[in-house]
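This briefing is meant to be read with the sequence and the model open side by side. Please follow each point in the viewer as you go.

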Amino acid sequence: MSWWNEQDDQRRAKISAALDTERGQQYLRTADGDQGFAAWLLVADVTCLRRFGMSIFDIADWAWRDAYDDDQPPATALRDALEADDMGALLLGGEQ
């Protein structure tokens with residue numbers, strides 16, 4: 001079962017509504033119209049913005065689609081991406 005399908009109906013409805021906005025459309029474009037992946041990207045990005053004040057798209061070359069296809073939750077993929085990025089590692093309290 002995909003991450004998207006694991007979400008309850010209420011959460012899927014809220015995320016779908018966010019994807020219907022102008023801002024949400026950028027995630028759909030990035031995901032080539034794949035709503036599940038777009039929703040996953042949106043959750044990862046909002047989490048990153050709220051916790052660290054930067055977008056997932058500011059993190060150097062991370063294979064977001066691979067993480068999604070490997071069924072990683074957005075927060076786990078975000079942590080892995082930050083740990084692999086010099087600036088992200090600093091945000092997580094590591095050393096450069």
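Being 4 residues apart in helix H5, Asp 69 and Arg 65 are separated by about one helical turn, and their side chains meet in a salt bridge with an N to O distance of 3.0 Å. The model is a predicted one, and its confidence is highest in H5, the helix that holds this pair, at a mean of 96. The points below begin with the charged pairs, then turn to the core, to one helix in detail, to single residues and finally to confidence.

**Charged pairs**

- Side chains of opposite charge can pair when their charged atoms come close.
- The count of salt bridges in this model comes to 4.
- In helix H6, Glu 83 and Arg 79 lie 4 residues apart, about one turn of the helix, and a salt bridge of 3.4 Å, taken from N to O, brings their side chains together.
- Glu 83 is partly exposed, since its relative accessible area is 45%, and Arg 79 is also partly exposed, since its relative accessibility is 43%.
- Salt bridges that share partners join Asp 34, Arg 65 and Asp 69 into one network.
- In helix H2, Asp 9 and Arg 12 are 3 residues apart, about one turn of the helix, and they form a salt bridge in which the closest N and O atoms are 2.6 Å apart.
- Asp 9 counts as exposed because its relative accessible area of 58% is over the 50% cut-off.
- An α-helix has 3.6 residues a turn, so residues three or four places apart point the same way.

**The nonpolar core**

- The largest nonpolar core has 27 residues, and those that touch the most other members are Leu 19, Trp 40, Leu 41, Ile 59 and Trp 64.
- Two or more residues of this core come from each of helix H1 (3-6), helix H2 (9-19), helix H3 (22-30), helix H4 (35-52), helix H5 (64-69) and helix H6 (74-84).
- Helix H4 contributes the most to this core, with 10 residues.
- Which residues does Leu 19 contact, once its neighbours within four places in sequence are left aside? The contacts of Leu 19 are Gly 24, Gln 25, Tyr 27, Leu 28, Gln 35, Ala 38, Ala 39 and Leu 42.

- Ile 15, Ser 16 and Leu 19 are buried residues of H2.
- These three residues lie on the same side of H2, because they cover an arc of only 105° around the axis.
- Gln 10 and Lys 14, on the other side of H2, are exposed.
- The packing partners of the buried residues of H2 are H1, H3 and H4.
- At the start of H2, the backbone nitrogen of Gln 10 has a side-chain oxygen of Asp 8 within 3.1 Å.

**Gln 26 in helix H3**

- Gln 26 belongs to helix H3, and it counts as partly exposed because its relative accessibility is 31%.
- The side chain of Gln 26 is joined to that of Tyr 27 by a polar contact of 3.5 Å.
- Gln 26 and Thr 76 are 50 residues apart along the chain, and their C-alpha atoms are separated by 22 Å.

**Two loop residues with positive phi**

- Most residues other than glycine have a negative phi, and most peptide bonds are trans.
- Asp 32, in the loop between H3 and H4, has a positive phi of about 50° although it is not a glycine.
- Asp 32 is exposed, since its relative accessible area is 74%.
- Asp 71, which is found in the loop between H5 and H6, is not a glycine either, yet it has a positive phi of about 65°.

**Confidence in the model**

- The protein chain has an average pLDDT of 89, and 91% of the residues score at least 70.
- Confidence is lowest in helix H7 (residues 86-91), where the mean is 68.
- Where pLDDT is low, the predicted coordinates should not be read in detail.

Conventions:
Residues numbered from 1 in each chain as written. Predicted model: local features only at pLDDT ≥ 70, side-chain atom pairs only at ≥ 80, totals over all residues. Heavy atoms only, no water. Core = buried A, V, L, I, M, F, W, Y, C linked by side-chain atoms within 4.5 Å. Buried < 20%, exposed > 50% of the residue type's maximum accessible area, 1.4 Å probe, protein only. Contact = heavy atoms within 4.5 Å. Polar contact = N/O pair within 3.5 Å; in protein donor to acceptor, adjacent residues only side chain to side chain. pLDDT = per-residue confidence, 0-100. Arc of directions from axis to C-beta.
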